[in-house]
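Student: I have a structure to read. Please take me through one site and the terms used for it.

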Amino acid sequence: MKFVVLRWTLGLCLIGLLTLVANNDVLAEPEYQGPESCQKCHKVDLEVWEKTKHATSMKTVHKTKEAKAIMEALGEKRMKRNDTCTMCHYTMVKSGSRLKAVAGPSCESCHGASSEWKPIHNDYGKDAAGNALKREAEDPAHKAERIEASTKAGMVWPQQTFDVASNCLICHGLTNESIPADLLSKMMEADHPINPEFELVRYSMGSVRHRFYPPDITKNAEMTPAQLARFFIAGHAASIVAATKVVSKIAHPKYVAAQKARINAAKAALEAIQGSVPEAAALLQDPSEAKARALVAAIEGKDLSGSVGGLLPAKDSYK
Ligand code: HEC
Ligand code: HEC
Ligand code: HEC
Ligand code: HEC
């Protein structure tokens with residue numbers, strides 16, 4: 001009897017200890033705050049976003065006959081309240097005890113729910129007297145820590161191209177892991193679109209493009225050919241990993257065909273560079289996230305436009 005009690009006490013202590021360790025390590029679940037919360041400091045980016053289909057769909061998509069047909073097939077009524085639809089179609093912000101759709105896909109759909117990272121991502125640190133430092137005065141070590149801490153808190157930085165690309169596919173590839181297979185099948189049977197032609201450059205360099213980088217932060221700059229080639233490869237690296245993971249999730253022929261088409265397009269892109277980039281050959285052999293990240297790291301700073309050039313989408317096809 002005594003032994004049992006002792007075991008209990010020890011057990012509880014251990015649970016307590018584990019919870020402490022876990023709480024120390026795991027940050028609070030990040031929450032979405034909506035595009036308005038970025039406006040003060042990123043007005044130009046917001047102005048671009050407002051004209052995109054991501055923003056305008058808030059007022060339109062639920063009213064289409066396609067949306068109504070899908071909702072009817074699922075036995076549901078309101079798209080903005082449906083947990084499945086809202087995963088991809090809306091930015092959900094806490095309002096009292098429930099989540100409310102405040103916008104279509106917006107800033108945080110691509111850069112991460114911001115409650116935990118927003119206060120950190122622009123904090124350049126303080127000087128000895130405790131005054132906030134300006135960007136130019138930030139210590140490089142502080143900058144590295146700031147990027148690491150905000151990434152850990154859920155931020156997706158533009159430079160993290162593998163993450164940026166994978167994130168588009170959660171929605172555009174219908175690869176969101178939280179959707180149960182039977183629900184996904186029902187969506188597909190009800191004719192939810194799946195677009196095998198989604199390709200990162202074509203879809204990010206048109207209406208969606210916001211690249212107001214220094215030195216000229218007033219200019220929405222186009223990418224150079226070398227940047228385009230790297231972005232194209234990062235997109236296909238993310239695509240082959242995501243599509244391979246889900247290709248057998250459901251048997252719906254349109255879903256399977258779309259994922260296969262993605263895999264084939266990615267193969268063509270990777271084959272074009274495998275001669276000069278061994279990491280591309282490795283990813284073709286084993287389409288895993290680790291190999292894809294290794295490839296994206298390996299091409300940093302490289303100009304692959306010579307080998308990739310012919311595969312890049314024409315500018316007039318940008319979405
Ligand atoms: C109080 C001002 C402020 C707010 C509010 C703010 N940001 Fe920022 N943000 C900044 C500053 C300053 C930087 C530049 C940081 C640096 O120099 O690395 C930045 C950088 C970024 C970057 C990286 C830019 C780059 O060049 O790599 C992204 C992405 C970003 N913010 C997104 C957002 C989003 C999304 C929101 C809203 C959820 C938001 N920010 C809210 C001030 C802000
Ligand atoms: C995994 C993400 C995801 C989920 C979940 C999802 N959608 Fe979509 N939906 C998309 C994407 C991405 C598009 C745009 C496809 C394209 O054109 O590339 C889209 C397009 C649509 C369209 C066509 C839009 C238009 O403007 O013509 C309708 C209608 C639609 N979805 C309804 C729904 C409904 C209703 C639900 C909930 C049952 C739902 N979707 C769930 C990602 C999703
Ligand atoms: C569809 C996904 C998507 C959405 C929505 C989106 N971004 Fe971005 N954002 C990106 C990508 C991709 C880049 C990197 C572009 C590049 O470097 O070529 C980027 C770059 C940035 C940058 C750095 C370049 C610059 O213009 O200063 C900032 C800051 C930024 N985004 C803020 C925002 C804010 C604020 C919003 C909402 C108003 C927003 N983003 C909406 C994907 C998105
Ligand atoms: C949270 C889900 C989500 C994410 C993440 C997302 N999108 Fe979208 N996107 C959508 C939905 C949903 C639509 C369709 C809206 C509609 O038609 O009603 C769409 C539409 C678009 C369109 C308009 C397509 C057309 O045919 O006019 C472009 C371009 C686009 N997205 C690019 C991107 C890019 C590039 C990324 C990643 C950098 C991205 N999106 C990330 C959900 C998302």
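**The iron site of ligand 2**

Tutor: With 13% relative accessibility, His-192 counts as buried. This is a predicted model, where local features need pLDDT of at least 70, side-chain atom pairs count only at pLDDT 80 or more, and totals for chains, interfaces and linings use all residues. Residues are numbered from 1 along each chain, ligands are numbered from 1 and chains lettered from A as written, and side-chain values use heavy atoms, without hydrogens and water.

Student: What makes His-192 buried?

Tutor: Buried means under 20% relative accessible area, exposed over 50%, partly exposed in between (1.4 Å probe, protein chains only). His-192 has 13%, so His-192 is buried. His-89 has 23%, so His-89 is partly exposed.

Student: Which residues coordinate the iron atom of ligand 2?

Tutor: His-89 and His-192, each through NE2, at 1.9 to 2.0 Å. Donors are N, O and S atoms within 2.8 Å of the metal (3.2 Å for Na, K and Ca); water is not among the atoms, so sites may look incomplete.

Student: Why is the arrangement around the iron atom called octahedral?

Tutor: Six donors count as octahedral if opposite donors are over 155 degrees apart and all others between 65 and 115. Here the six donor atoms subtend angles of 87 to 179°, so the arrangement is octahedral.

Note on methods: Four donors count as tetrahedral if all angles lie between 85 and 135 degrees; four count as square planar and six as octahedral if opposite donors are over 155 degrees apart and all others between 65 and 115; anything else is irregular.
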